[in-house]
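The sequence and structure come first.

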Amino acid sequence: MNKRMIAYVQGLLMVCEAGLLLLPLITALIYGESTVSAFIFTICLLCVVGLVLIKFKPKDKTIYARDGLVIVALGWIILSLFGALPYYISGEIPRFIDALFETVSGLTTTGASILSEVESMSKSLLFWRNFTNWIGGMGVLVFVMAVLPLSGGGGDLHLMKAEAPGPSVGKLVPKSNKTARILYLIYFALTAACAIFLLIGGLPLFDSITTAFGTAGTGGFSIYNDSFGSASPYCRTVIAVFMALFGINFNIYFLLLIKRFKDAFKSEELWTYIGIIIASVTVITINISNQFSSIGEAFHHASFQVSSLMTSTGFSSTDFNQWPELSRTILIMMMCVGACAGSTGGGFKVSRLILLVKYAAKELRSVSHPRSVKVLKFEGRRVKDETIRGTTAYFIVYVAIFCLSLILISFDKGDTTTNITSVISLLNNMGPNMGDRIVDSASGIISGGPLTNFGPFSNLSKIVFILDMLFGRLEFFPLIVLLTPSRSLRQKLSNRKRL
Amino acid sequence: MNIIVVGIGKVGYTVAEQLAQEKHDVTIIDTNEEVINDTLQDIDVIGVIGNGAVSKTLLDAGIDECDMLIALTGSDELNILACLLAKKLGADSTIARVRNLEYSNDLKIIKDSLGLTMAVNPEKEAAAEIQRILKFPTARNVTFFGHDQVDILSFVANKSCSLTDKAIKDSFSKLKTQALACAVERNDEVFIPTGDFVVQEHDTLAVLTPTKTAPDFFKQIGYKMQDIKNIMIIGGGKIAMYLADSLSHINVNTTIIEKDLETAKNISDFFPHINVVHGDGTNRSLLLEEGLLEADAFICLTGIDEENIVLSLFAKNASPKIKTITKVNHTLFSEVIKTLDIDSVVYPKFTTADIIMKNVRAKQSGNERNDVQKLTRIINNRVEAVEFEVGADSQLIGKTLTELNIRKNILLGSITRGKDVIIPKGSDALCAGDTVVIVTSTERLLNLDDILE
């Protein structure tokens, strides 16, 4: 393992985070808020530690596969720890674990909150909160890579693979750093478009930008207490459309950009994604139509909610916890499926689902025709057995972590539905959960729903949730590699035992 | 530039790696998915899986916006086909590897009618390099410039060498012939020496000298010029064929030992005057029987690197005076091979990569004149020697070299003007139409004017 290089990249990341923190600092200065000192302190701390780490430039800049995973996992943990400081120092979130939960939730684009009251927060912290959504959406290392090439060799690809969502990551253009730049360019342009459409709808500038951040990263932090329950139908429509857009694989935008329309619209994943959205919206609209005054309004809320939960954003236009059981079940399932690979969305990813379904179909066929030969194809290409194995392993790890988290959460006071939906929601970087019991703050019972929050959970549960969010965003493997002791360490430990 | 490399074998990989290092956008094409995936882990390029001579694959790789396609698959025909297709689909220039001896005579027709920018023939180049080494057996490697008028000879300084333990400015000024030390390698470090540099024993020196006086140079510094009369070649592959072809014009006795009977017969058919032996070149008694002890040069050209190296070591052991030349295909362990006592080592894939890089840079500079004429890397590829033609619009013309502000780590080695070769002093100046050889350890030169501060 190239430890010097790992430390060096962490240094770069810290300086980078310090740079990103300048934006909320400027916000604080504009609004003349007391959070200025908290931001300045965090920026200075990051710069000092970061610059010290950068000072020791490694001679050998090779990044091996394992290094790539460790860099990404460690990087995200460090970013979250430092990113939590402004909340904590300013005293607006008095407990550090809560501040950390909020930051991780932001960076992993989850959007789950421990706050019940966000509108009273200072503007600069609200900005930082939603900005973390935006940064986490495309990935911090991809951002660093866009600014400067790290290893210069194939090592950058390991980083991109470890950070970008989806089962297979390809470059768009030969150079890794150019690929990263193109991705950020598309991301930035779409975010700007979203903000402009919101501005046209009459939203103030601050609200437009922060909402665009939350939408673009498919994060789901809202600056309003009731998410988008009281927003205008126009704004909700804009947000619903953009959420769906950000859930599409960015490769498709690149293909459109270089005018290869035919290739772009051939994508199997894209059509499956659109298909799932249309089918769910139809069923839910019919199912909830009697709760709303018109079928139009039902369609409006159904499409907003489907778009929000499919892309793992987690905005809500209404309390969907009150919807009929069928709709709620469909929504929970959509949470698990998630968005397309290579998008900013979370979840299991549509492409993985397609692969597993195709694989299952093939195996079922071979039961009745044991000698039949069928080649699995996805996006017009033959799927390697390796990919199938990788996806199956991913699925198993996914279920295992889900079960483990659920057991740990059960020690808390929530009911079963709340617990299950909470874990699903956080593991898939969604945000809101659902619950069975009626909220009764006096009894201390935790219950779910888009309008409730994660504040009442115990510290143990919060730690489990924080890990779940990171697991979900980084797709398990980087964090698992980081938490598994290296072979030499294991050897040392076992030697000690023998002695 | 956008460059597509078709066929990722040994040469293809080296070329792609060097192009990526020089910051080009490289797309690689190969039919083998594993090769593509492995390459992507190591170098910063993008890969397309498929047959490079099929338009769909080429379009996938973005042929319409590509500046250059380099076809390096194992098959000559496939390379030519890929280039033909690439040209039609919009590639600006195309380079194909064509190495079959039988095609080499028709190469010009193929090149012209298909619009190829260049056809590289690594085997032929390697054979030419071996022949140059045979001319100067004391040297480890020989590079020639300016239509065979200037050579860069690299050799190891030994005890009897008159340069050893003296400062360069003293020892070189005593020579009667023109010569210039352009690079020295000592313990893995490479210097471009100044006049005060003191040469030590075991240093590898690269010396630039006019070809005509090169034998004289070696005599003056105390090396005996032994004439090569008897040559033994192990392995009758393509390089051996090209080598035999060029050796047939000079008066030497050549023995080729080849394992495969059909190949052996084929060589004998082409070159009747050569002594072709059918047998296993790794057989010790066969080597002795065929006159290893009488041979002046021993050249190992089998397809297996390890075999070549061990055979050379054996020959050196059996007959210490013998000059051994070893072909090595894999470059991964070149730093270890360098420490072995096996005289010269030839890496065909570096030679090929050098030729291709020269073309890429010439194209990149986009300048008709001032173009890179030749590019070679000497001293284990640590130092670049680049030959330029001085264009009429060059900023270097009309000033003496002392007046020019030439950058550090760059050495102007020689000026060839018509038939004269000048090793320049401060008072010399350049004219349009000269060719110059520039030696540099750090810079990547595209254009002659790049050498100025």
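## Overall build

Along its principal axes, the C-alpha trace of chain B spans about 65 × 65 × 40 Å.

This is a predicted model: local features need pLDDT of at least 70, side-chain atom pairs count only at pLDDT 80 or more, and totals for chains, interfaces and linings use all residues. Residues are numbered from 1 along each chain as its sequence is written, while chains are lettered from A and ligands numbered from 1 in the order in which they are written.

## Secondary structure and contacts

Chain B holds 15 helices and 22 strands (DSSP runs numbered from the N terminus: H or I of at least four residues for helices, E of at least two for strands).

Of the contacts in chain B between residues at least 6 apart in sequence, 61% join residues at least 24 apart; a contact means C-beta atoms, placed from the backbone, within 7 Å.

## Domains 1 and 3

An automatic or database assignment sets the domain bounds. Chain B is divided into domain 1 (2–120), domain 2 (230–320) and domain 3 (355–451). The centres of domain 1 and domain 3 of chain B, over C-alpha atoms, are 29 Å apart.

In chain B, 13 residues of domain 1 are in contact with seven residues of domain 3. On the domain 1 side, helix 1 of chain B gives the most, with three residues.

Conventions
Contact = placed C-beta atoms within 7 Å.
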